Amino acid sequence: AAFAAPAADQHTQLQELPVSIQSTGETPLPKETLTVELEAVDNAPLPEVTTLEITDGETGSFGPISYTKPGYYVYTVRQHAGVNTRGTYDETVYYLRVSVVWDNDKLVARMAVHTQADLMDEKVSSITFNNSYKAIETPYYPDPYDPDPVPFHAGEPGPGRCPPDRD
């Protein structure tokens, strides 16, 4: 018996690829919006939108991505550092491997997310960038009732002060 050839128009989709940004510390207000980029490795198919603007504490999503033939497709997902001087931005690069296989005469896409380029580490359950912010340093404001708030060095006359009496 001959095997039926799969229809040429067979395809499957990875419907969505959610990406979250979270932070700890003294988060700036308004919350920072950061750019997350999806890049194909070895000419893997891409969704229409490959760059997301995601506000801290929220989730965005890439997708859908269409596949027309079986194979392994690899992508990287990275966050571009923000501009807040108190921020430390997560530099993790996520590696997404999509396996497209035949399953009962249908193409099926399965996704695995890793944090190492060799894809040999433990899979991670989500793509989440964790940023942190240092506390805001309290600025020094001179006492408004101090007639001479300019600091001076001990032993030197300060502005508006008389030199010490010398006997």
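Which residue in strand 9 is the bridge partner of Val74?

## Strand pairing

In this predicted model, the bridge partner of Val74 is Arg97, a residue of strand 9. Strand 9 covers residues 93-103 and pairs with strand 7 in the antiparallel sense, over eight bridges.

## Salt bridges

Side chains of opposite charge can pair when their charged atoms come close. Two salt bridges are present in the structure. One of them joins the side chains of Glu39 and Arg78, with an N to O distance of 3.7 Å. This pair links distant parts of the chain, since Glu39 lies in strand 3 (residues 33-41) and Arg78 in strand 7 (residues 71-79), 39 residues apart. Glu39 has a relative accessibility of 33% and therefore counts as partly exposed. Arg78 is also partly exposed, its relative accessible area being 30%.

A salt bridge is also formed by Asp103 and Arg110, whose closest N and O atoms are 3.6 Å apart. Asp103 is partly exposed, with a relative accessible area of 32%. For Arg110 the relative accessibility is 43%, so this residue counts as partly exposed.

## Aromatic pairs

A pair of aromatic rings is described by the distance of the centres and the angle of the planes. The count of aromatic pairs comes to three. Among them is the pair of Tyr89 and Tyr133, which is edge-to-face because the ring planes stand at 90°, with the centres 6.2 Å apart. Tyr89 lies in the loop between strand 8 (87-88) and strand 9, whereas Tyr133 lies in strand 11 (residues 127-133), so the pair ties together parts that are 44 residues apart in sequence. Tyr89 counts as buried at 12% relative accessibility, and Tyr133 counts as buried at 5%.

The rings of Tyr94 and Phe129 also form an edge-to-face pair, because their planes stand at 85°, with the centres 5.3 Å apart. Here too, distant parts of the chain are linked: Tyr94 is in strand 9 and Phe129 in strand 11, 35 residues apart. Both Tyr94 and Phe129 are buried.

Technical notes
Residues numbered from 1 in each chain as written. Predicted model: local features only at pLDDT ≥ 70, side-chain atom pairs only at ≥ 80, totals over all residues. Heavy atoms only, no water. Salt bridge = Lys/Arg side-chain N within 4 Å of Asp/Glu carboxyl O. Helix = DSSP H or I, 4+ residues; strand = E, 2+ residues; numbered from the N terminus. Buried < 20%, exposed > 50% of the residue type's maximum accessible area, 1.4 Å probe, protein only. Pairing = 2+ DSSP bridges. Phe/Tyr/Trp six-rings, centres within 6.5 Å; stacked < 30°, edge-to-face > 60°.
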